[in-house]
Amino acid sequence: MPEPQGNLTRRQILGIGGAFGLLTTASLAGAAALARRPATTGAELRTAAALPPPYQVPLPLPAVARPVSTDGGTDRYEIVQRETSAEILPGLRTPLWTYGGSFPGPTIEARRGRPVTVTHRNELPVPTVVHLHGGRTPADSDGYPTDLVLPAAWPQTPQTMPGMDGAGGHGGGTGTGMTDPRAVTSRLRRDYTFPNDQRPTLLWYHDHRMDFTAPALWRGLAGLHIVRDDAEDALGLPAGPHEIPLMITDRAFTADGALTYPSLDPALRDRPGVTEPHLAGVLGDVVLVNGAPWPVHETDAARHRLRLLNASNARHYELEARTEDGRRLDLVQIGADQGLLAAPVTHRSLPVAPAERHDLVVDFAAAPVGSLVRIVNRLGTGRTRDVMAFRIARPAPADDSRIPPRLATDLPDWRREDAVRTRDFAFRAGRMNGGHGWLIGGRPFDPARTDVTVPLGDTEIWRLIADVHHPVHLHLVGFRILTRGGRPPLPHDAGLKDTVSLRPGESAEIITRFDGYRGRYLFHCHNAEHEDMGMMANLEVV
């Protein structure tokens, strides 16, 4: 997916604030010179197999996991990470790495304040790490990239991390590179505990292994985790069959149906990184929703709550809902990454970057029975303009759902004057060991280095600036977007976020309070290829 071309102007740089703008003008200009394709996402992979026409494959709904125990006020689950195959393209089998044998993995339904413990058993051929994205999670369960769960026969010394290679990655399984003395590894299994002491929202869990997050995601290691509470349940929002989770991804396939991905080491053992045309991010030409290509969902002419997640490695979408006669239906946003908004926001189109979530209500009563409502991607070309469709098969029974004018009263009221410090971070391309990398503040990720130390409970403002498109994610905390380019945030920036999408040359200010737990966390770009090639940093809450 090409992104807007253009060089950074002095006005764009200064939009983030005078001092930071002057500081970063030279460094960002240098980054543009060093980047192979400074303002574009990587080349799109092409599928060799025959593709189905759009809106023929039924939309799958991810299975809801069942706890193996609910004793002692904690819901306990067991998930086996294993290889399997599934029919994604009709008539072909696709090998996958999965949580529990399915892609997406099983959905965990949680209640606010009720802990969940998930025992993950790794039966894959490589180490794994599970991160609950958006979770307010103690550090020992947050899925730090070196806290590996090793397969039974994995020979690597646990604390030895991969070494840098010429492609700009951090390494592989040779045991000759950097070390992380704080790594806590286990063999075969690990318990992750999630307190769910947070606002109700859609979270997702995925692999976060250092240097190999991107190919693990591509192979299928992702699933949903939904937190609910009584206050949200009482709002009268669409529920039951009218609440639909939608995990959007893109992939590409070989002629026999296998996934294709440009890894330097297809075994994901020794050498991380991707081939040169894809250094800026890997794109596929097949759009999947809940693991199905351009699916269709048959339903009735009622309001629907669509829980959207962009789980793509690098692809950005701008979504619209269009009727067959070309009308655009309202996308009524009721929630963001970290839960409900204070009040609904109505859009006609809505951008969604990798790892972002949008909670929407769409009223299909405006579409004639028997017609299709297509969800399309304004940023796509060819087949990637299509996403999925809803077939309005019948009139609705009595629809007693509603969209209250007031949704949430528990959003934090952080003010600029509450911040005890302001920090500046530039996200840009650069060179690492003679190869291409992606850097934060001019430095690639090093698990043994502390980049930011924050006292528990402090409120801070972070000023972020990007050379190309970077969706920036903070672990542990949600944040509010204060400004973009020195101007007010955009309508889709409303609410509490954990990922902010920075466009090429764009700056943003965010504010957050670092509460919850002490320990080592991360912030990083959620273009998965960028994070694998160095665009992560350590955050220590003390």
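**View 1. Aromatic pairs in the whole structure.** A search of the whole structure finds 8 aromatic pairs; rings of Phe, Tyr and Trp (its six-membered ring) pair if their centres lie within 6.5 Å, with planes under 30 degrees apart stacked, over 60 edge-to-face and the rest tilted. The model is predicted: local features need pLDDT of at least 70, side-chain atom pairs count only at pLDDT 80 or more, and totals for chains, interfaces and linings use all residues. Residues are numbered from 1 along each chain as its sequence is written, and side-chain values use heavy atoms, leaving out hydrogens and water.

**View 2. The pair Trp-218 and Tyr-261.** The ring centres of Trp-218 and Tyr-261 are 5.4 Å apart and the planes are at 55°, so the pair is tilted. Because Trp-218 lies in helix 3 (residues 213-219) and Tyr-261 in the loop between strand 11 (243-251) and strand 12 (286-289), the pair ties together parts 43 residues apart in sequence. Helices (H or I, at least four residues) and strands (E, at least two) are DSSP runs, numbered from the N terminus. Trp-218 counts as buried at 1% relative accessibility, and Tyr-261 counts as buried at 17%. Buried means under 20% relative accessible area, exposed over 50% and partly exposed in between (1.4 Å probe, protein chains only).

**View 3. The pair Phe-364 and Phe-390.** This tilted pair has 4.8 Å centre to centre and 40° between the planes. Phe-364, in the loop between strand 21 (357-363) and strand 22 (372-377), is linked to Phe-390 in strand 23 (residues 386-394), 26 residues apart. Phe-364 is buried, at 0% relative accessible area; Phe-390 is buried, also at 0%.
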